[in-house]
Amino acid sequence: MTDEIRVRIAPSPSGNLHIGTARTALFNYLYAKKTGGKFILRIEDTDAERTKQEYIDNIFDSLKALGLNWDEGPDVGGNYGPYTQSERFDIYPKYAKMLLDNGYAYECWCTNEELEREKEEAVKNHKAYVYSRKCLNITPELREQYIKEGRKPSIRFKVDHRELTFNDMVKGELKFDTSLIGDFVIMKSNGTPTYNFAVVIDDMLMKISHIIRGEDHISNTPKQILIYEALGAKVPEFGHLGMILAPDRSKLSKRHGATAVSDFVKEGYLTDALINFVALLGWSPSDGHEIKTVDEIAQDFRINEISSSNSIFEYDKLNWMNGQYIKKMDIKKLTDMIIPFLSDYDLSELSREKLEKMVEITREPLTTLKEIKDDVPYFFGESVPLDEVKELLTTELSINVLNRFNELAQKWNFEDEEEIHNDLADLRTEFKEKFGYKPKETMWAIRAAVTGRTRGADMAGILVIIGKDKTLKRTNEALHIKAGV
RNA sequence: GCCCCCAUCGUCUAGAGGCCUAGGACAACACCCUUUCACGGUGUAGACAGCGAUUCGAAUUCGCUUGGGGGUACCA
């Protein structure tokens with residue numbers, strides 16, 4: 001029972017859920033799924049200044065939208081709560097005192113200025129900065145004096161000098177010389193724990209067995225291991241993932257565009273595609289099939305096979321993948337998701353059935369949902385602007401086609417797409433045989449008249465959605481524009 | 001400055017000493033399909049950062065160099 005696998009994601013709510021955090025969450029989730037372990041969500045809101053409730057909500061919503069559901073967390077509870085760090089403030093001093101009493105930590109009365117000076121000295125001598133231990137053996141008299149002055153001590157962890165090694169699940173053996181670390185602060189003088197201390201206490205108490213996180217935490221790891229050991233706790237396994245970089249190889253930040261999962265959703269990306277894409281950053285399927293659900297990925301997942309290098313976030317493949325998901329998605333669901341992107345149009349003009357039809361015939365070229373907006377204006381309104389196709393419509397060919405079309409379409413059944421499809425095919429053949437018009441030339445005339453464009457969705461589908469009256473109205477209007485005007 | 005991590009096509013990657021004249025996906029380009037755009041199909045081009053060492057043999061092991069990333073806080 002003590003061997004239960006427990007992993008966690010511990011975002012700090014100082015912003016919306018970052019795509020990088022989402023990837024870390026995914027790998028944790030996959031590991032839990034694969035091993036039958038538990039996936040835990042902990043909110044690290046220690047930094048009251050930057051924490052906002054809307055960010056907490058965003059983190060919850062994004063994780064859920066991505067399908068990364070947690071077994072224990074602030075909202076669902078669990079046996080090792082509370083799962084919100086700000087509710088755990090009374091826990092940390094107890095453990096700090098324990099370390100103090102056992103000689104693993106000591107009070108430090110140094111001021112920022114003193115510390116600053118030590119640091120400058122270190123860079124000047126081309127040495128790593130290590131705290132001087134000035135306060136390690138402070139005399140009781142001096143201590144008294146500091147207290148009288150009103151100074152408040154921080155608590156430092158005493159770092160013994162030795163070589164520390166651990167076996168990283170993704171990077172392999174990692175070595176550190178702890179003499180380069182220096183005695184670090186675990187409790188600030190204001191009584192709150194530092195990050196490195198709080199995580200260890202939380203992870204220990206929550207019985208986290210495997211810590212999978214970004215490689216920006218590698219240098220924190222030896223410090224944390226030291227604390228675990230001093231506390232006599234079992235040291236968890238660690239696995240450090242490479243980071244996601246922007247195309248310019250810098251950290252992915254707001255100036256590169258979308259960074260939060262919710263930003264991507266607003267841009268018209270599907271969460272299924274997003275999570276699939278992000279899984280491929282560092283992981284690759286053994287069967288070569290890259291389009292997979294999270295559960296399918298979990299089956300195939302091996303943490304030691306994750307790439308240990310950084311990867312660059314490029315939109316090309318995401319776009320392709322998003323398009324793949326759009327093409328395969330259930331049409332009703334897709335329509336629901338697309339509606340918010342159609343706010344420019346009066347959707348009451350179309351029945352739900354026709355709206356779905358419209359989505360079905362226009363989804364093919366989409367890469368993001370957002371793009372549909374520019375592809376569908378001709379489905380709405382009575383007339384359509386013809387400026388861009390004026391020349392095309394005033395050719396003899398077009399006039400011929402449109403006249404004949406008007407004549408024939410009177411009798412066509414606009415309710416039946418397949419029939420219309422065949423009628424159009426007949427029309428093409430007729431003009432090809434009689435006048436040698438190319439099939440696409442015939443179609444261009446009709447398309448231009450009805451949609452005001454030379455490209456777009458399948459004509460038969462368009463005609464069915466627009467209906468006979470509006471179609472003929474538009475073709476007549478097209479016949480009345482004059483050449484060169 | 002100091003410490004740590006990383007290094008295969010433009011990008012994501014396969015590759016765990018001979019199976020590699022280095023495979024796939026996206027992007028690019030060409031052609032085919034076709035009522036347009038697209039989708040789809042078929043092809044083309046494109047990489048082991050450099051140098052040493054180990055070995056009969058290295059993309060795969062080791063060292064150095066270079067390049068990139070991260071950390072260096074009483075932030076998380």
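Let me start with strand β8, residues 210–214, which pairs with strand β9, residues 237–241, in the parallel sense over 5 bridges. This is a predicted model, so please hear every value that follows as computed from its atoms. Within that pairing, the bridge partner of I211 in β9 is F238.

Let me turn now to the RNA. There are 62 residues around RNA strand B, and those that come nearest are K188, L280, E290, G456 and D458. What is the make-up of the surface near RNA strand B, in nonpolar, polar and charged residues? The residues of that surface divide into 20 nonpolar, 19 polar and 23 charged.

A polar backbone atom of C110 is 3.0 Å from a base nitrogen of RNA strand B, and a polar backbone atom of H126 is 3.4 Å from a sugar or linking oxygen of RNA strand B. With H421, by contrast, the atom concerned is a polar side-chain atom, and it lies 3.2 Å from a base oxygen of RNA strand B. The elements that give two or more residues to the surface near this strand include the helices α4 (112–124), α11 (315–328), α17 (417–435) and α18 (439–451), together with the strands β6 (172–177) and β11 (311–312).

Next, the charged pairs within the protein. Side chains of opposite charge can pair when their charged atoms come close. In this model the count comes to 31 salt bridges, and I will pick out some of them. One is between K370 and E267, where the closest N and O atoms are 3.4 Å apart. This pair links distant parts of the chain, 103 residues apart, since K370 sits in the loop between α13 (352–362) and α14 (372–375), and E267 in the loop between α8 (261–266) and α9 (271–279). K370 counts as partly exposed, at 40% relative accessibility, and E267 is also partly exposed, at 35%.

Another salt bridge joins D287 to K292, with the closest N and O atoms 2.8 Å apart. Are these two residues buried or partly exposed? D287 is partly exposed, at 45% relative accessibility, whereas K292 is buried, with a relative accessible area of 10%. Beyond such pairs, R8, R42, E44, R88, D202 and D203 are joined into one network by salt bridges that share partners. I would also mention R50 and D47, whose side chains meet in a salt bridge of 2.8 Å, N to O, with D47 partly exposed at 31% relative accessibility.

Finally, some points about the backbone. The peptide bond from G81 to P82 is cis, with omega near -5 degrees, and P82 lies in the loop between α2 (53–65) and α3 (92–101). R133, although it is not a glycine, has a positive phi of about 70 degrees; you will find R133 in the loop between α4 and α5 (140–149), where it counts as partly exposed at 27% relative accessibility. R249 likewise is not a glycine and has a positive phi of about 70 degrees. R249 lies in the loop between β10 (244–245) and α8, and it is exposed, with a relative accessible area of 62%.

How values were computed
Residues numbered from 1 in each chain as written. Chains lettered and ligands numbered in written order. Predicted model: local features only at pLDDT ≥ 70, side-chain atom pairs only at ≥ 80, totals over all residues. Heavy atoms only, no water. Salt bridge = Lys/Arg side-chain N within 4 Å of Asp/Glu carboxyl O. Buried < 20%, exposed > 50% of the residue type's maximum accessible area, 1.4 Å probe, protein only. Helix = DSSP H or I, 4+ residues; strand = E, 2+ residues; numbered from the N terminus. Near = heavy atom within 4 Å. Polar contact = N/O pair within 3.5 Å; in protein donor to acceptor, adjacent residues only side chain to side chain. Nonpolar A, V, L, I, M, F, W, Y, C, P; charged D, E, K, R; others polar. Pairing = 2+ DSSP bridges.
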